[in-house]
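Morning, everyone. I'll take you through one complex today, starting with confidence and then going to the interface. Please have a look at the screen.

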Amino acid sequence: MFKEIKFIFKRLIHTNLVLDTKVKANKMPPRLKWDPKLEFEIEEKFLYGGSGAGGQAINRTASKVQLKHIPTGIVVVNQFSRSQKDNRKKAREILMEKIESIRNSDGNGNGMGMSDRALAVYTLKKQRKENRERGAAKKYKKHDSERSEINKKKLEEERMMILKMTGKN
Amino acid sequence: MRISYRIIQNSKKIDPLLPFMLPQCRTIQHANQELIWLKNHFQNSKSKLLKAVLQRYNGKPLQYILETQPFGDDLTIKCKLNVLIPRWETDDICNYINTKILKNYARTDKKVKIIDLCSGSGCVSLALKEKNPTFEIVGVDISDDCIQLATENKILNHLQDVQYIQGNVLRPSSSLMNVLTSEKDAKRVDMIVSNPPYVLHSTLPQLNVSVKKYEPSLALFGNLQFYENFVNVWSNHCDSFFYELGEEEQYLCVQNNLDSNVWSVFKWMDGNDKLRGVYGYRKNSNISKMFNI
């Protein structure tokens, strides 16, 4: 009985999946490419917003692109650049990532709710952080041992001084 | 309309420069976006960035501060004072002409000639040239600054064989007419594209400061004169045309005055579902087949 409870607790605590595979920075999965077949499944809109005369009367600086993926109903809006061409490209990348994340969730694909590329980037970051922490721990261990040695020496010296002065330990 | 005190306070927390962008941008999101573009452009010197932010606060258009505007497929159009900044509607029109009309016309082996009236920064002519490198394109504008900037833009985008001529569109001299319509059997060019000034002078009080104060009034205000001029003068020298416009009245001016036996005239709506252009063709011309597809 007790063992079972312990087992459950262990399972509950480790909710994060442990990633066994190591990722190397020079061997990453390829970036997601926009699938030209998806072009027929999306609705593209250019939002310029606002009422009024338009045309020469208003000088707009931003151009917004909205993509809607009809089968899943995902909507993506992007306006990071001044150029409409860049915005359209970037919006497609974001939409592709979202579609891929749906394909990889609920036990399908890698089961992490991320595309392979995004997962690799995520694990790489995690690995680097762990490595950094490990390195830092090693460094402080070294410092601590040095410091304790110095302290020991000091104590020894003090003891010797007291011994000289009083003749007693 | 005044900007609410809360928005100013919130924007101050994000970036101390952000409140200065608000009068032109109105929302924090848009202001943030513009500030990022400015920061990217003036990465090296902070004093220049501060100056630029103050200029934007006073209403100077962002394109004049950054000196460029992306246009068409892969063009960067330089922007300077005294020349109108290209608008997105014009971009859409160029895209429409390229993809719907000229795409198949380029395959015919005869030489195609297009005239761009009121060329301004040269954006329309360059966008057409970019997609159709074999076409012969000529731009006409009255302002010397525009001609100079358009030639600069042509060199900047590595395009050749686009000619810019200084001349009055409303009262074309005979020498200009000869240059534009020579080398043709019937003395007609294939297409006339134009973005004439069409904002009504009565709307001046409602205009934004950045347009009212900084952009050239010569390129903004006009009503029917360019459309009447097209019917009387230029329609005799072309097979098809595309004019940008802003008012219903201007469309009717073209549609009613052209002979309906010879010409077919249509409306063009922009992305916001507003009347933004008028186009048409001669029914017996070669290019007319391209419009039916």
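**Confidence, domains, interface**

Chain B has an average pLDDT of 90, and 97% of its residues score at least 70. pLDDT is the predictor's confidence in each residue, from 0 to 100. This is a predicted model: local features need pLDDT of at least 70, side-chain atom pairs count only at pLDDT 80 or more, and totals for chains, interfaces and linings use all residues. Residues are numbered from 1 along each chain as its sequence is written, chains are lettered from A and ligands numbered from 1 in the order written, and side-chain values use heavy atoms, without hydrogens and water.

For the complex, the predictor gives an ipTM of 0.82 and a pTM of 0.81.

Next, the domains of chain B. An automatic or database assignment gives domain 1 (5-58) and domain 2 (70-290). Their centres, taken over C-alpha atoms, are 35 Å apart.

Now the interface. How many residues of chain A are in contact with chain B? The count is 21, against 33 residues of chain B. Contact here means heavy atoms within 4.5 Å.

The two chains bury about 2200 Å² between them, 45% of it on carbon and sulfur atoms. Gln56(A), Asn59(A) and Arg82(A) supply 39% of the area that chain A buries against chain B, more than any other three residues. Buried area is the accessible area (1.4 Å probe) that two parts lose on being put together, summed over both.

Last, charge. The rule finds 1 salt bridge across this interface. Asp74(B) pairs with Lys85(A), the closest N and O atoms being 3.7 Å apart. The rule asks for a side-chain nitrogen of Lys or Arg within 4 Å of a carboxyl oxygen of Asp or Glu.
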